[in-house]
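Here are my notes for your first read-through. Keep the model open and check each point as you go.

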Amino acid sequence: MSLEQRVVLALDDDPLYLDILVEQLQAIGVGSVLPHTRAVSALHDLTQQHVDVVISDLDMPETDGPRFLHQLADLRLPIQVLLISGTRPDLLASVVEFGRSLGLHMAGSLPKPAELDPLEAILLQCDATKPRPAQTLRQAVDNHTDLDKSALERALQDGSIRPWYQPKLDANGLQVIGVEALARWLPHEGPAISPARFVPAMEAAGLSWNLFTCMLTHVLRDLAAWKLAGWPMRAAVNLSMDCTDRLDLPEEVFSRSRAAGVALEDLTIEVTESRLMANRSAALETLNRLALMRVKLSIDDFGTGYSSLSQLADLPFSELKIDGSFVKRLGTDQKIDRIVQATASFGAGLGMDLVAEGVEEHSQLRALRRLGVDQIQGYLFARPMPEPEFRHWLSRWRPGHMSGSLNKSPPQVLAVGPGESILRGWLDTLARHLPHLQGQWATTEPEAIRLMALASPDLLMVDARDHPEQAWSLAERLRQRCPATRLVIVTPALDEVQIARANEADATLASHPMGDVQVEHWVHRVLEGLHLAQR
């Protein structure tokens, strides 16, 4: 849906600023704007006509922002919400999270007064389809009540609950170093059942152990098959803290691993803490015995739920997972930035491996690299997928020409810019240094997206000679689709501003025209993944 088709309701108690906001929305092409200075009239309007996006201030004397969001959530309308406020950033971010906890689809927040470019960017990113309000945590838990114990036991026995795999990658090289196995329930008849429903139901029914052993059996079988195929890796299986008081846990893991022919060193157990530890002494015994057996232990979703510093001090964890709720807000909330920085610092100080989950943006990847995070996983690279689909994904994943890449096909290069003859000239220059290069060019963004879908490029070259700002934005959008690609920005000159920007964006600069000496200087470094900006 284009901006001219959207209906935006704007709420601000300051009439002067409201007029400015309306003018801004009209300037960026929003088709219909409904201005309101009072929450009560805004809520009434929402019940009378269709609205796509609500933009609201926070600090309003009659009805403040949080109260308005609560009343808005009660309407259960398929709308998206953007907050614009002059309040301090941490408070603004906290209210956004409050909105999400109510089930609202929060598009984000902007400081007041909002600038045109970020305002337009957020509105363009809003889903074209009508969003459904997300479930609150309490709703998600309550919804498991229709899953009785017999239905859960049948699902565990008939194979409809199986692992889907999400890759875990080295944060710097992006090589695949392992997977996390995530339980998925696909009944033989009917739609899939969300883990947010059946996992709490398993715990409530006392079936956490059954779920763990079911998943462990599938994962060990797949690990053995991958090893035979020449793809050895480590797999992580989730274990509820409820199960740590089973004194036979180490023996079960050992016997099942030996029967499958899988080394215990290839297994990670991620301990999830949805509730307090019931038997501390038993948990200490079983987890220490697993650690002595060389099973890697990971504390999952650190910083949320019942995970705490005392668990790090007392239990033999060697891996710490930074929860995706923190990763999602990196770079947008200084408080979150400091929390993640502190977590990474003391985790590294304890000699633990650091894993960040929920990575969805390339900017988050760059921030995590700077913080020294070792491993990452998230939708930026791959969603959880069934085993056959994971094999296919793995065979195609190629983080450049680096050690460990499973895909040995010739290097793929995509050049993007307005002039076809210039792009072809660049590819000819590269071909003199990479004889087996497979090069393609695109003069429009849709064409570049189409080519990237057919073959993920190792090297993406973007022409920024005439319109640098547009070119940088285009490059980021394209790299979001292929996060492992090496990015080269071609500019007329290599000034300090461009070099600093390239370093920040993890990109390489090249100047036009490109001579053989310059290409020789950077092309191999790029393909080896060193990401050095041309100096």
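1. Start with a term. Contact means heavy atoms within 4.5 Å. Keep that cut-off in mind for helix α8, whose buried residues are covered by parts including α7 (149-157), β6 (161-170), β7, α9 and β8 (234-240). Remember too that this is a predicted model.

2. Stay with α8. Which of its residues are buried? They are F198, A201, M202 and E203. Now look at the two ends. S194 caps the N-terminal end of α8, with a side-chain oxygen 3.0 Å from the backbone nitrogen of A196. After α8 comes G206, and its phi is positive, near 75°.

3. Next, the aromatic rings. A pair of aromatic rings is described by the distance of the centres and the angle of the planes. The count here is 8 aromatic pairs. W185 and F198 make an edge-to-face pair, 5.8 Å centre to centre, with 80° between the planes. W185 lies in strand β7 (residues 176-185) and F198 in helix α8 (residues 195-204), so the pair ties together parts 13 residues apart in sequence. Buried means under 20% relative accessible area. W185 has a relative accessibility of 7%, so W185 counts as buried. F198 is buried as well, because its relative accessible area is 0%.

4. Compare that with W393 and W397. These two form a stacked pair: 5.0 Å centre to centre, 20° between the planes. Both W393 and W397 are buried. They also belong to a cluster linked by ring pairs, together with Y165, W226, F381 and F390.

5. The charged end of R246 sits over the ring of W209, 4.1 Å from the ring centre. For R383, the ring is that of Y379, and the distance to the ring centre is 3.9 Å.

6. Now the nonpolar side chains. In soluble globular proteins, nonpolar side chains tend to be buried together. The largest nonpolar core here has 79 residues, and V253 and I376 have the most contacts inside it. Which helix gives the most to this core? Helix α9 (residues 208-228) does, with 11 residues. A separate core of 25 residues includes L34, L83, L92 and L102. Go back to V253 and look around. Leaving out residues up to four places away in sequence, V253 touches F212, L216, L264, L267, I269, L290 and V295.

7. On to the cysteines. How many disulfides does the structure hold? The number is 0. C243 is buried, at a relative accessible area of 2%. C482 is buried too, at 6% relative accessibility.

8. A cis peptide bond joins K112 and P113, with omega about 0°. P113 sits in the loop between β5 (105-111) and α5 (116-125). L174 is not a glycine, yet its phi is positive, near 65°. L174 is in the loop between β6 and β7. Is L174 buried or exposed? L174 is buried, because its relative accessibility is 0%. D506 is another non-glycine residue with a positive phi, near 60°. The loop that holds D506 runs between α20 (496-504) and β18 (508-511). D506 has a relative accessible area of 16%, so D506 is buried.

Terms used:
Residues numbered from 1 in each chain as written. Predicted model: local features only at pLDDT ≥ 70, side-chain atom pairs only at ≥ 80, totals over all residues. Heavy atoms only, no water. Disulfide = S-S within 2.5 Å. Buried < 20%, exposed > 50% of the residue type's maximum accessible area, 1.4 Å probe, protein only. Core = buried A, V, L, I, M, F, W, Y, C linked by side-chain atoms within 4.5 Å. Helix = DSSP H or I, 4+ residues; strand = E, 2+ residues; numbered from the N terminus. Phe/Tyr/Trp six-rings, centres within 6.5 Å; stacked < 30°, edge-to-face > 60°. Lys NZ or Arg CZ within 6 Å of the ring centre and 35° of its normal. Polar contact = N/O pair within 3.5 Å; in protein donor to acceptor, adjacent residues only side chain to side chain.
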